[in-house]
Amino acid sequence: MAHINTVLQSINSEDGAFCVDIFKRPDGSFGFDTFRRDAEDPSGWFPVGHFSDQVFDSPEAARMAATQNVSWFSPD
């Protein structure tokens, strides 16, 4: 199945091993999730946060929730 969410913002950790994606769903709701990649593994990013089922009314609300739930994440 194709990924149908639209990523609005992807913010990497300082070391580049993790990222937070803020996305919009086809139904107009928003969400976020965290991902990890290993430099020695060319497979790409893997979801590790399992936050993608949470639903928010705006990208700002999703960003705020990511700030509260992901220890390294600071969008500013």
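Trainee: In which sense do β2 and strand β3 (residues 30-36) pair, and over how many bridges?
Mentor: This is a predicted model in which residues are numbered from 1 along each chain as its sequence is written, local features need pLDDT of at least 70, and side-chain atom pairs count only at pLDDT 80 or more. Strands (E, at least two residues) and helices (H or I, at least four residues) are DSSP runs numbered from the N terminus, and two strands pair if DSSP finds at least two bridges between them. For β2 and β3 the sense is antiparallel, and the count is 7 bridges.

Trainee: Which residue of β3 is the bridge partner of Phe 18?
Mentor: Strands of a sheet pair through backbone hydrogen bonds, either parallel or antiparallel. For Phe 18, the bridge partner in β3 is Arg 36.

Trainee: What is the order of the strands in the sheet, and which strands stand at its edges?
Mentor: The sheet is open, has 4 strands with antiparallel pairing, and runs in the order β1-β2-β3-β4. One side of each edge strand has no neighbour in the sheet, because each has a single partner strand; these edge strands are β1 (6-12) and β4 (46-47).

Trainee: How many bridges join β3 and β4, and which residue of β4 is the bridge partner of Phe 35?
Mentor: β3 and β4 pair in the antiparallel sense over 2 bridges. The bridge partner of Phe 35 in β4 is Pro 47.

Trainee: How many residues of β3 are buried?
Mentor: Buried means under 20% relative accessible area, exposed means over 50%, and partly exposed lies in between (1.4 Å probe, protein chains only). β3 is largely enclosed by the rest of the structure, because the buried residues number 6 of the 7.

Trainee: Which helix lies across β1, β2 and β3, and at what angle to β3 does it run?
Mentor: Axes are lines fitted to C-alpha atoms, for helices over the stretch in contact (heavy atoms within 4.5 Å). Angles run from 0 to 180 degrees between N-to-C directions. The helix is α1 (residues 59-69), and its angle to β3 is about 40°.

Trainee: Which side chain of opposite charge is nearest to Asp 21, and how far away is it?
Mentor: Asp 21 sits in strand β2 (residues 18-24), and it is buried yet has no salt bridge. A salt bridge needs a side-chain nitrogen of Lys or Arg within 4 Å of a carboxyl oxygen of Asp or Glu; Lys and Arg count as positive, Asp and Glu as negative, and His and the chain ends are not counted. The nearest side chain of opposite charge is Arg 37, at 10 Å.

Trainee: With which side chain does Asp 21 make a polar contact?
Mentor: A polar contact is a pair of N or O atoms within 3.5 Å; within protein, one must be able to donate a hydrogen and the other to accept it, and residues adjacent in sequence count only if both atoms are side-chain atoms. Asp 21 is also the bridge partner in β2 of the residue in question, Ser 10. At 2.6 Å, the polar contact of the Asp 21 side chain is with the side chain of Ser 10.

Trainee: Which salt bridges does a search of the whole structure find?
Mentor: The search finds 2 salt bridges. One joins Arg 63 and Glu 60 at 3.8 Å, N to O; these residues are 3 apart in helix α1, about one helical turn. The other, with closest N and O atoms 3.0 Å apart, is between Arg 36 and Asp 38.

Trainee: Is Gly 16 buried or exposed, and which residues does it touch beyond four places in sequence?
Mentor: Gly 16 is in the loop between β1 and β2, and in that hairpin, with 5 residues between the strands, it takes a positive phi near 75°. Its relative accessible area of 16% makes it buried. Not counting residues up to four places away in sequence, Gly 16 touches Arg 37 and Trp 45.

Conventions: Side-chain values use heavy atoms; hydrogens and water are left out.
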